[in-house]
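Okay, thanks for coming, everyone.

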Amino acid sequence: MAATLLDGKAVSQQIKEEIRDEVTRLSTAGQRPPHLVVLLVGDNPASVIYVRNKMRACEMVGFSSTMKRFPEAITEAELLRKVNDFNRDPDVDGIIVQMPLPDHITPQKVTQAIHPSKDVDGFHPLNVGLMTLNFPCLMPATPSGILELLRRYQIPTKGKHCVVVGRSRIVGRPTSIMMSRGGQPGEATVSLCHKYTPPEDLARIVPQADILIVAVGKPGLITADMVKPGAVVIDVGTTRVPADDTKSGYRIKGDVDFAEVKDKASFITPVPGGVGPMTIALLLRNTLDAYKQRFDFSHLLQTPSNSYEDES
Ligand code: NAP
C-alpha cells in the first residue's frame, strides 16, 4: 500500500493561518505586528529568491518585513555594525542574515552578532545550547518543521529508532538532538550518519530506522532496499537536477528515491511540498515567538509554541 503523504504545503498553510489569527488579535488590541528584517549581501540568485519568499510569507501573515541589501564588497565590520543597529532597534523582532556570505566575511561571527532574542534562525550558540537542554528558545526552522510534521500527523516517536543522515549545523545535527530530547516528538533512539559513515554501515543502519530523516543533498542516496517496511521517511534534500521537460530547465529532487520508497514507507514527505514549506512556516512562528518574548502579551496570546512539557 502506498504511504500517506506528509503534506508540508497543507500543514504550513494551517500554521500560517494560526499565525495570521494571532496577528489580527494583536492589531485589534492596538499593537504593532511582528517585524522581521532580512539582510542580504551580494546578488546570489538563489538567495534573492529565498529572501523574496520570506518577505512574501511575512506579508501573508500580516508581519512587517524589511529587506536590507548590501553590496558584495561590504566589509565584515560594517555588516556587524548593521546587525547591531537592528539588535538595538525596538521595532525589530527578528533578524536574519541570508547565507551564504562572501568569503571575506566569517559566517560564525555574523551568527553570533545577532542578539539571541532576535535570532529567528535559531543558529546562535546560546539558542543551540538552550535547545540541546530542552529549554524554551528559538529553534532552527527546518528541524522544527520536521518535528511539527510528526506532531501534526500524530506519529509516535517515543522509543522508536530514528536514523538521521547528514549532520549539518542547520538541519541534521539539531534534528538528531531534538528527536532524542524529552517530549513528543522526541524520546527516540537516534543514530546520526554522515560523510564518514562507511557505505556498508549506512546500508546496515538506515534499514533499522522506524523514522528516517535524510538531509544530505544527494539525489537517489536512499533507495527502497534501504528502507524498513512501514518506516516514516522525511526527505529534506533539495537538489536542482537538469530536466528537459520543465520550463525552468531543472527539477527539484530529494535524497530519497520517492517513486519506489513510497510503496514501502507508511508516511513520506514529497519533494517539493514536504519539509520546504514547513521551514518558512516555522521561521514565521519563531518571529512571532521572538515578538512575544520581548513584549510579553501572554494575556492575549496562546502558550509559547516552542515549549515542551518535559525538560529531560
Ligand atoms: P550540508 O551542510 O551540505 O550537509 C550535508 C550533510 O550530509 C553533511 O553533514 C555531510 O557530512 C553529509 N553527507 C555528505 N555525503 C554523505 C553521504 N554519502 N552519506 C551520508 N552523509 C553524507 O547540507 P544541509 O544544509 O544540511 O542541507 C542538506 C540538504 O537539505 C540539501 O539538499 C539542502 O538543499 C536541503 N535543505 C532543505 C531545506 C528545506 O527547507 N527543505 C532546508 C535546508 C536544507 P559531513 O558533515 O561529514 O560533511
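Before I start, one term: two strands count as paired when DSSP finds at least two bridges between them. Keep in mind, too, that this is a predicted model.

So, strand 2, residues 35-41. It pairs with strand 4, residues 94-97, in the parallel sense, over four bridges. If you want a spot to look at, find leucine 36: its bridge partner in strand 4 is glycine 94. Strand 2 also pairs with strand 3, residues 64-70, again parallel, and there we have seven bridges. Leucine 40 sits opposite arginine 69 of strand 3. To get from strand 2 to strand 3, the chain goes through helix 2, residues 45-61, and that β-α-β crossover is right-handed.

Now, is strand 2 buried or exposed? Seven of its seven residues are buried, so the rest of the structure largely encloses it. In a regular strand, side chains alternate between the two faces of the sheet. Here, His35, Val37, Leu39 and Val41 point one way, while Leu36, Val38 and Leu40 point the other, and all are buried.

On to the nonpolar cores. The largest one has 49 residues, and Ile19, Phe63, Met179, Ile213 and Ile234 touch the most other members. Which helix gives the most to this core? That's helix 10, residues 275-295, with nine residues. Both domain 1 (30-127) and domain 2 (139-274) put in at least three residues each. Zoom in on isoleucine 19: leaving out residues up to four places away in sequence, it touches Val61, Phe63, Ala281, Leu284, Arg285 and Leu288. There's also a second, separate core of 20 residues, with Ala3, Met226, Val227 and Ile268 among them.

Last topic, salt bridges; the count is 15. Arginine 152 is partly exposed, at 26% relative accessibility. Zooming out, Glu18, Glu148, Arg151, Arg152 and Arg285 are linked in a network of salt bridges.

That's my tour, thanks!

Note on methods: Residues are numbered from 1 along each chain as its sequence is written. This is a predicted model: local features need pLDDT of at least 70, side-chain atom pairs count only at pLDDT 80 or more; totals for chains, interfaces and linings use all residues. Side-chain values use heavy atoms; hydrogens and water are left out. A nonpolar core is a set of buried Ala, Val, Leu, Ile, Met, Phe, Trp, Tyr and Cys residues joined through side-chain atoms within 4.5 Å. Buried means under 20% relative accessible area, exposed over 50%, partly exposed in between (1.4 Å probe, protein chains only). Helices (H or I, at least four residues) and strands (E, at least two) are DSSP runs, numbered from the N terminus. Domain bounds come from an automatic or database domain assignment. Contact means heavy atoms within 4.5 Å. A crossover is right-handed if, with the strands pointing away from the viewer, the path from the first strand over the helix to the second runs clockwise. A salt bridge is a side-chain nitrogen of Lys or Arg within 4 Å of a carboxyl oxygen of Asp or Glu.
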